[in-house]
Amino acid sequence: MIDVLLKVLNLQAASAKNKPDRVIRELALQPGESVADIGAGGGYYALRFAREVGHTGAVTAVDIEQEYLEFIAKAALKRGLRNLGTKLARGGGLELPDQSFNLIFLRNVFHDFRDPQRYFSKLKKSLKPGGRVAVIDFKYKPFTKEGMFGHYSDETKIVHVMKSCGFKHRRTFDFLPSQSFNIFVNDLQQNPGGNNDVY
């Protein structure tokens, strides 16, 4: 049953209306880079990232569901992707090594954070100098599932939270019809502290 759910999630992520090819292109990943996909779900983007960064790069799929990570690991093995690992966020917490990632990618999970400021202040330490965070989340739209159940984030809130954590807002993209898409860069001038949060 879990496999069916995750296959559906991957089909949704791959849908032309969600413009995954454009998302990948705008992220401009380079061979040899390291990426963390937080809230990886069925692994659609983690698998694509693994191809983009090549055998000299590395991708870590992070999720709070072990079954999701097992699904991703099997998919990576089937595709011969040896540069894709998984990380369980135990108890909802997240521990990633310091200064390890060129990009941290979050799609449709920002709205789940209890205290995003604390979370991203801690997460900042896992970025390499000049590393980036890409945040995609649903916009509010009435009469949608996301709108009715609170599965969305105000874009101004996302930008405010990230700036308060010491990130510079690099760019906003507006090509996704139902989601906001922002990229932030690690600002080396600031180093706010913080503790792990849950998502």
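In what order do the strands of the open sheet stand? Everything shown comes from a predicted model.

**View 1. An open sheet of 7 strands.** The strands stand in the order β3-β2-β1-β4-β5-β7-β6, and their pairing is mixed. At the edges you will find β3 (84–88) and β6, each with a single partner strand, so one side of each has no neighbour in the sheet. Neighbouring strands are turned by 20 degrees against each other on average, with direction ignored.

**View 2. The pairing of β1 and β2, with Ile38 and Val62.** Here β1 and β2 run side by side in the parallel sense, joined over 5 bridges. To find your place, look for Ile38, which stands opposite Val62 in β2. Strand β2 is largely enclosed by the rest of the structure, because 5 of its 6 residues are buried.

**View 3. The pairing of β5 and β7, with Val135 and Asn182.** Strand β5 (residues 127–138) pairs with strand β7 (residues 179–186) in the antiparallel sense, over 7 bridges. A handy landmark is Val135, with Asn182 of β7 standing opposite. As background for looking at any strand, side chains in a regular strand alternate between the two faces of the sheet.

**View 4. Helices α2 and α3 against the sheet.** Which strands does α2 touch as it packs on the sheet? They are β4 (101–107), β5, β6 and β7, and the direction of α2 makes about 15 degrees with that of β7. Helix α3 also packs on the sheet, touching β1 (34–38), β2 (58–63), β3 and β4. The direction of α3 makes about 170 degrees with that of β2.

**View 5. Where α2 meets α3.** Two packed helices are described by the angle between their axes and the distance between the axes. For α2 and α3, the angle is about 45 degrees and the axes are 12 Å apart. The two helices are therefore oblique to each other, and their crossing is right-handed. On the α2 side, the contact is made by Pro20, Asp21, Val23, Ile24 and Leu27. Tyr44, Tyr45, Arg48, Phe49 and Glu52 contribute from α3.

**View 6. A salt bridge between Asp21 and Arg48.** Side chains of opposite charge can pair when their charged atoms come close. In this view, the side chains of Asp21 and Arg48 meet at 2.8 Å, N to O. The pair links distant parts of the chain, with Asp21 in helix α2 (residues 20–27) and Arg48 in helix α3 (residues 44–53), 27 residues apart. Are the two partners buried or exposed? Asp21 counts as partly exposed, at 49% relative accessibility, whereas Arg48 counts as buried, at 18%.

**View 7. A salt-bridge network of Arg22, Glu26 and Arg171.** How many salt bridges does the structure hold? The number is 3, and this view shows two that meet at Glu26. Arg22 and Glu26 come together at 2.7 Å, N to O. These two residues both lie in helix α2, 4 residues apart, or about one turn of the helix. Arg171 also forms a salt bridge with Glu26, at 3.8 Å, N to O. Because Arg171 lies in strand β6 (residues 167–173) and Glu26 in helix α2, this pair ties together parts that are 145 residues apart in sequence. Shared partners join Arg22, Glu26 and Arg171 into one network. Arg22 is partly exposed, with a relative accessible area of 29%, and Arg171 counts as partly exposed at 44%.

**View 8. Positive phi values at Lys19 and Asn108.** Phi of Lys19 is near 45 degrees, a positive value in a residue other than glycine. Lys19 sits in the loop between α1 (2–14) and α2, and counts as partly exposed at 34% relative accessibility. Asn108 has a positive phi too, near 60 degrees. The loop that holds Asn108 lies between β4 and α5 (116–123). With 15% relative accessibility, Asn108 counts as buried, the cut-off for that word being under 20%.

Conventions
Residues are numbered from 1 along each chain as its sequence is written. This is a predicted model: local features need pLDDT of at least 70, side-chain atom pairs count only at pLDDT 80 or more; totals for chains, interfaces and linings use all residues. Side-chain values use heavy atoms; hydrogens and water are left out. A salt bridge is a side-chain nitrogen of Lys or Arg within 4 Å of a carboxyl oxygen of Asp or Glu. Buried means under 20% relative accessible area, exposed over 50%, partly exposed in between (1.4 Å probe, protein chains only). Two strands pair if DSSP finds at least two bridges between them. Axes are lines fitted to C-alpha atoms, for helices over the stretch in contact, and angles run from 0 to 180 degrees between N-to-C directions. Contact means heavy atoms within 4.5 Å. Angles under 35 degrees count as roughly parallel, over 145 as roughly antiparallel, 65 to 115 as roughly perpendicular and the rest as oblique. A crossing is left-handed if the near helix is turned anticlockwise from the far one by less than a right angle, and right-handed if clockwise.
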